[in-house]
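Dear colleague,

Please find below the structure that I am handing over to you. My notes on it follow directly after.

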Amino acid sequence: MAVHARTPLSSIFLILALYFLQGMNLGITGSIPLFLIAHGATWKDRGIFNFAFYPFSLKLIWAPLIDALYVKRFGRRKSWLIPIQFSAAVILLFLSFYVESFVENLRVILLAVIFFAIVVLTATQDICVDGLAISLFTATNPQWASTSQTVGQTMGRFMGSSFLLTFESANFTNRFIREPLSITPKESGLFSLQQFVRFAALAFLIVTTCLIFFFREKENLPTADGEKTESLSLTEAYLSIFKLFKKKCIQQLTLVSLLAPMGAVAVNYMTSLALVNQGVPRENLALVSIPVTLVTIVAPLAIRHTESPLRWFAGSYIAYIMTGIPVAAYVYYTPNMISTSYYYPILILLLALNEFCNALRFSAQIGFFAAISEPRIGGTYMTLLVTLHNAGFAIHSTIVLYVANWLPKNYDFVIATGACTIIGIIWLGFSFRTLKWLQEIPTHEWYLLPIQHLDDAVKSNEQGPNDHRASLMADE
């Protein structure tokens, strides 16, 4: 994981822009339940809509197609990015004319189906961008793949959630914008939900058009030591998944990715909805998210050069689930304190600390994934690892949300958070040695390059210690 050269700023900004689009889609999708709750939706409805996020747990099914099939002249990643992002723009444009009606009438299943399609495209775009990031950053600093993803997605989610919820609110717009400017109050915000969805469609069109004319892909893929490799066939790409699972290190990493979310899902998925249920106005919640978001953008920059991401993951994981306890307690007492002058400043501090730890956890884990992913199958490899991460959160979040529907209404969030925290502490206690062992495995042992590359790897090791982690080993 050593840094060999300076990472071009153009590459960083490109990946940031693509992850921003992805985050904005996910932000809009995540905001819909808050609009639904305002019209009387239940935890069960939230659980149903949660299925819209499942494509991120299923994308491994089609990830090898993205790696293996493409138009060489057009570009390995552009061959997929262009049609995917144009398709997303079309669906968003269509949805913009009906989304408010669907929300007001609680058409939860229909909304879940539409956003499922949107998230399918977003997940596919994620495969492409992950692979592109690995190709661009492997030879310089793999941690930039994680940093760009965390920062880009966070900014996009901010636009699709906090920005949307704040300026869509008539109360906020009248009080803080129209009244100071002596503008007549209105029953609507600065813009409506349908107008914002239309804006998202336009953003996809603009970025995709720029991608067509201003970005040219390199044909060959560099490994960590700068060696050029050729891509795999479709059959080889699919077989690579099974070969990866034969590796003991992948098997252990799979268990980590699937079980770790047990401790984090309650505070991760229920905090915002619990605050709304406790009387926090939707627009106020969006305002609270602004400083919290700024903190989460800074967090991954702190570890952008780390060579021990899993050690950061372990530390930030325990900090994240532990800081969820005071958050849950504060949410519980919200009705008694919401009218005081200190309520929102303390809430911001608690949420900012919690989300800072979460951003470190996510960035460290994704950074480790990027560092060990083989560039030839970068999309598939990264997708496999991130899918396992997402599957863990999707499965456990669905379970927790359904169970919360049966818990005492006034104590559901506190009980769920407390139970998850205890489970998370126990899991980390049993898994710490495994995390340490995974971190110490040389990068080449995670690769699947064919046997003929072994000689080159040995020669590289003889030339200097810096090339050891980039040496290539065949899969047994």
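In this predicted model, Met159, Gly160, Phe163 and Leu164 in H8 meet Leu193, Phe196 and Phe199 in H10, contact being taken as heavy atoms within 4.5 Å. Helices (H or I, at least four residues) and strands (E, at least two) are DSSP runs, numbered from the N terminus. The residues of the contact of H8 with H10 divide into six nonpolar, one polar and no charged. In this division Ala, Val, Leu, Ile, Met, Phe, Trp, Tyr, Cys and Pro count as nonpolar, Asp, Glu, Lys and Arg as charged, and the others, Gly among them, as polar. H8 spans residues 143-167 and H10 residues 193-214; their axes come within 11 Å and cross at roughly 155 degrees. Axes are lines fitted to C-alpha atoms, for helices over the stretch in contact, and angles run from 0 to 180 degrees between N-to-C directions. H8 and H10 are therefore roughly antiparallel to each other (under 35 degrees counts as roughly parallel, over 145 as roughly antiparallel, 65 to 115 as roughly perpendicular and the rest as oblique). The crossing of H8 and H10 is right-handed, that is, the near helix is turned clockwise from the far one by less than a right angle.

As to conventions, residues are numbered from 1 along each chain as its sequence is written, and side-chain values use heavy atoms, with hydrogens and water left out. Because this is a predicted model, local features need pLDDT of at least 70 and side-chain atom pairs count only at pLDDT 80 or more, while totals for chains, interfaces and linings use all residues.

H17 contributes Arg361, Phe362, Gln365, Ile366, Phe369, Ala370 and Ile372 to the contact, and H18 contributes Tyr381, Met382, Leu385, Val386, His389 and Phe393. By class, this contact has 10 nonpolar, two polar and one charged residues.

Phe369 of H17 counts as buried, at 0% relative accessibility (buried means under 20% relative accessible area, exposed over 50%, partly exposed in between, with a 1.4 Å probe and protein chains only). Leaving aside neighbours within four places in sequence, Phe369 is in contact with Leu253, Ser257, Met382, Leu385, Val386 and His389. Leu253 lies 116 residues from Phe369 along the chain, yet their C-alpha atoms are separated by 9.8 Å.

Thr323, in helix H15 (residues 309-332), is likewise buried, at 13% relative accessibility. The Thr323 side chain makes a polar contact with the side chain of Asn354 at 2.8 Å (a pair of N or O atoms within 3.5 Å; within protein, one must be able to donate a hydrogen and the other to accept it, and residues adjacent in sequence count only if both atoms are side-chain atoms). The side chain of Thr323 also reaches the backbone oxygen of Tyr320 at 2.9 Å.

Two loop residues deserve a note on backbone geometry. Leu106, between helix H6 (99-104) and helix H7 (108-137), has a positive phi of about 55 degrees although it is not a glycine; Leu106 is partly exposed, with a relative accessible area of 30%. Ser182, in the loop between helix H9 (170-178) and H10, has a positive phi of about 55 degrees and counts as exposed, at 67% relative accessibility.

Overall, the protein has 20 helices and two strands, and buried residues make up 57% of its 476 residues.

With kind regards
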